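Hello,

Here is the structure I said I would pass on. My notes follow below it.

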Amino acid sequence: MRIESEQAFQRFVAQARKRSSARSREVLVCCGTGCLANGSAKVAEALAAELAKRGSDVPVATFTKRTGCHGFCERGPLVVLQPQGVLYTRVKPRDAAEIVEKSVIGGEVISRLVYKDPASGQRIPGYAEVPFYQRQTRVAMRNIGRIDPADIEDAVAHGAYAGLAKALFTMTPEQVIEEIEVAGLRGRGGAGFPTARKWRSCRAAAGDRKFVVCNGDEGDPGAFKDRSIMEGDPHSVIEGMVIGAYAVGAHEGFIYVRDEYPLAVVHLTLALEQARARGLLGANILGTGFDFDIRISRGGGAFVCGESSALMRSREGKVGEPRAKYVHATERGLFDLPTVLNNVETWADVGAILARGGAWFASMGTAKSKGTKAFSLVGKVKNTGLIELPMGTTLREIIYGIGGGVLGDRPFKAVQTGGPSGGCVPESLLDLPVDYEKLTEAGSMMGSGGMIVMDDRTCMVEVARYFLQFLTEESCGKCIPCREGLHQMLAIFEDLVAGRGKSGDIEKIERLARGMQLGSLCELGKSAPNPVLSTLRYFRSEYEAHIERRACPAGICRELTAYEIVETACNGCHACFKVCPVGAITGKIKELHVIHHDTCISCGACFDVCPTQAIRTFPKKELAERGVA
Amino acid sequence: MSLGKEMGTQAGEKGGRMLSLSVDGKSVQVREGAFVLEAARAAGVEIPTLCHHPALEPYGGCRLCLVDVTRPEWGGWCKLVIACQFPAEEGLLVHTATERVVETRRVVLDLLLARCPETPLVQELARRHGIEQTSYVANPEPTDCILCALCTRVCDHLGISAIATVNRGIGREVAPPWGEAPPDCIGCLACAEICPTSCIPYETSEGSRTIWGKTFEMLRCTRCGRAHVTVAEADFFAGRGGVPRSYFELCDACKRKEMAATFVKLSRGAAGFSVGA
Ligand SMILES: Cc1cc2nc3c(=O)[nH]c(=O)nc-3n(C[C@H](O)[C@H](O)[C@H](O)COP(=O)(O)O)c2cc1C
Ligand code: SF4
């Protein structure tokens, strides 16, 4: 049934809400990619089967709903019982019978499955009380984990398309752009360009044929916010794009999804079909006479294909390589026609802004960065996962408040933000309010919103080398400074971590970095020196130690580090003996263990397992002084 | 060109509005649609390039033509752009030798010399910018290919697209598809001839030509008997309808001779018609 008037839309919403509240009990099973990998599909099946089996015992209708990513991937598979709001973590299929018996029918909480807060050691049954969720403000991810992404009525019952209805029924395209301007929305794909300005320029561009494109390439390794939005709430992306198309006067749209995201493609395809069937997409949307449709376009997956000009080239069927953008895409983009390209998260924000008003969005955030932002929090932090917070939240709040602190309570060293070409922010800046400007000033960037927490067991020279390696493999190779520059930069870093650094290397790195920043064709090459320059800025002494003393202060770089056991601390637990891959450790249980330097490969496995922290690192060159080969 | 200083010089497409801009203080006029590089060349300011060719679309790979541009109203702020692709604008001020332009260009040439340490064109260009030896690790397998992509672009431009750049990053190279003899190649040698370092090998012998691992049968000039074009090339261009197949019967030299003979005949035969001054 197509909806062809404002009244019909309101009726549809009312009916969807009614259906939704009729399902008084819901068992929400997270079926985001992370939880699926941990076996959540089996959990959902088991729960559904158990409920079906006990149909007559269940006092009220209960419904198993497969939702998108709840964000708390570390603890998956996650199950939430509604309306109580009980959160169960690390659920196994064999827990299904007990959950149905005790919790769904009996109304009891199974304490074993409840989340235990690592900070306080307390068990917290309520979904909303878990600090990981409590401290978040979800806008782009507002419905993820709450709705069944395969059911448009469920989405509408939770507010989907309300922003679109408001825009189409009550606002002119100019007013829509003004609302986005009031909201202060900036691009969530990296550069933070003001969205309203992009739209206005496209609206003003000559020509009837224009495009609206969604960038769902998400090539950053470790980033998964866009995937989670496309999988968990595809309607938020579609709604945003229809509003954007209306604002700029476009009739054709594309969602560019990387090949590695098959579930996102399935959910988007289904959502597009359902939206079309309801008249929320396609010809004569909501009976207003506005036509706009969206197609899905799948991408080859190289990191650089997410860059706007490369993405458009590849959509045109040409080689997905960047080109200079002296003429804006809003004038000459896809097929040389006016095009608006926005990130998945940017699009997901749009519907909420229209529904609740630009002023509401702008009431959150900092002077120049408004609203909320999604981050993927990973690395050496207790709670990893996907989070969304108001701009301006401090790094400390993110890492210690939501993340629960550093894994194993080790000392914090740095957090890498912005994806592979972002930078490392040190402990002295933990109180930095996170927004576009502040991160850039700190030598890093917002980028895709990746955050990798690093502890004291991290060598910053090695970190820079690691990201250089990734970027060297991802450089498209079109321009000299990026292709040859990364190759040479990596060679310098390979020497540094192997103890072959030379005096003058730091100056050479700095000069090359500047040449790449100024000379490269696209942002990949221009930003590639960030990991190098930020670590050099905050951890210069580590570089100097590698070069001048042939030492890795963090005790990580293998060629520079030797391991030994502190006699007084070893309790003879034998754990190190078991993990050493080369048999370099000898010792009997309950006796002192010894590392043999002639066979030790400095992999650090023993260090990580030792419960008494009896393993110590020291510069390898001291071995010669001790007379060991 | 010699009057350039007083009258301004002109470059750009035929038709369209004229734009005035300044390159290193020299004022110059170009037609709308021209790029800054053309303006600079018209003003007599030298800007190095390696991947530029006037007949092909700008590419932006070599980065040597970096320049700073600004406008009086920008309050001293400059934008670093590449001259081959930045459109000329009315009132634009172009600076081709600012500190950062010179320094970045030097880093780029230093890097290129590391890639192609034995290539005379690169050595010469680097030397002109004060680099005798690369400060980076010289390529242990020296190549003459500077990856300017002129070869692949001219092949695309002709509508053949037999070769392409393959692989990412440092592994990038020019190659036919799958590394096999390219099915679409017509043996026209456009790639080999446009290559600024002449690094695309080919061989033309009696009756046959080999390039990219593919061997072509040659068409002989019906007059002098010289093998002057591949059969595939004649078929391709005749098939595209631009010229009749008979166009390829004579080689270029014989065609010129024939034309000269026609002119002579005409000048003798027709009263009042003369060739030359
Ligand atoms: C190497 C590179 C990779 C990029 N990858 C992505 C990506 O995966 N997703 C994305 O939205 N933007 C990516 N961008 C940024 C886009 O070029 C573009 O700025 C963005 O999609 C615009 O949308 P926004 O204004 O909503 O942020 C990338 C940029 C570069 C230079
Ligand atoms: S900067 Fe790197 S990724 Fe971008 S065009 Fe140049 S070589 Fe390609």
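Which element gives the largest share of the shell around ligand 1? Strand β11(A) does, with 3 residues (strands are DSSP E runs of at least two residues, helices H or I runs of at least four, both numbered from the N terminus).

This is a predicted model, in which local features need pLDDT of at least 70, side-chain atom pairs count only at pLDDT 80 or more, and totals for chains, interfaces and linings use all residues. Residues are numbered from 1 along each chain as its sequence is written, chains are lettered from A and ligands numbered from 1 in the order written, and side-chain values use heavy atoms, without hydrogens and water.

Ligand 1

The shell holds 19 residues, with G189(A), E218(A), N342(A), N343(A) and T346(A) the closest (a residue counts if one of its heavy atoms lies within 4 Å). By class, 3 are nonpolar, 10 polar and 6 charged (Ala, Val, Leu, Ile, Met, Phe, Trp, Tyr, Cys and Pro are nonpolar, Asp, Glu, Lys and Arg charged, the others, Gly among them, polar). An oxygen atom of ligand 1 lies 2.8 Å from a side-chain N or O atom of T346(A).

Nonpolar cores

The largest nonpolar core has 97 residues, and M489(A), F493(A) and I211(B) have the most contacts inside it. Such a core is a set of buried Ala, Val, Leu, Ile, Met, Phe, Trp, Tyr and Cys residues joined through side-chain atoms within 4.5 Å, buried being under 20% relative accessible area with a 1.4 Å probe, protein chains only. Helix α19 (residues 480-497) of chain A gives the largest share of this core, 9 residues.

Regards

Note on methods. Buried means under 20% relative accessible area, exposed over 50%, partly exposed in between (1.4 Å probe, protein chains only). A polar contact is a pair of N or O atoms within 3.5 Å; within protein, one must be able to donate a hydrogen and the other to accept it, and residues adjacent in sequence count only if both atoms are side-chain atoms.
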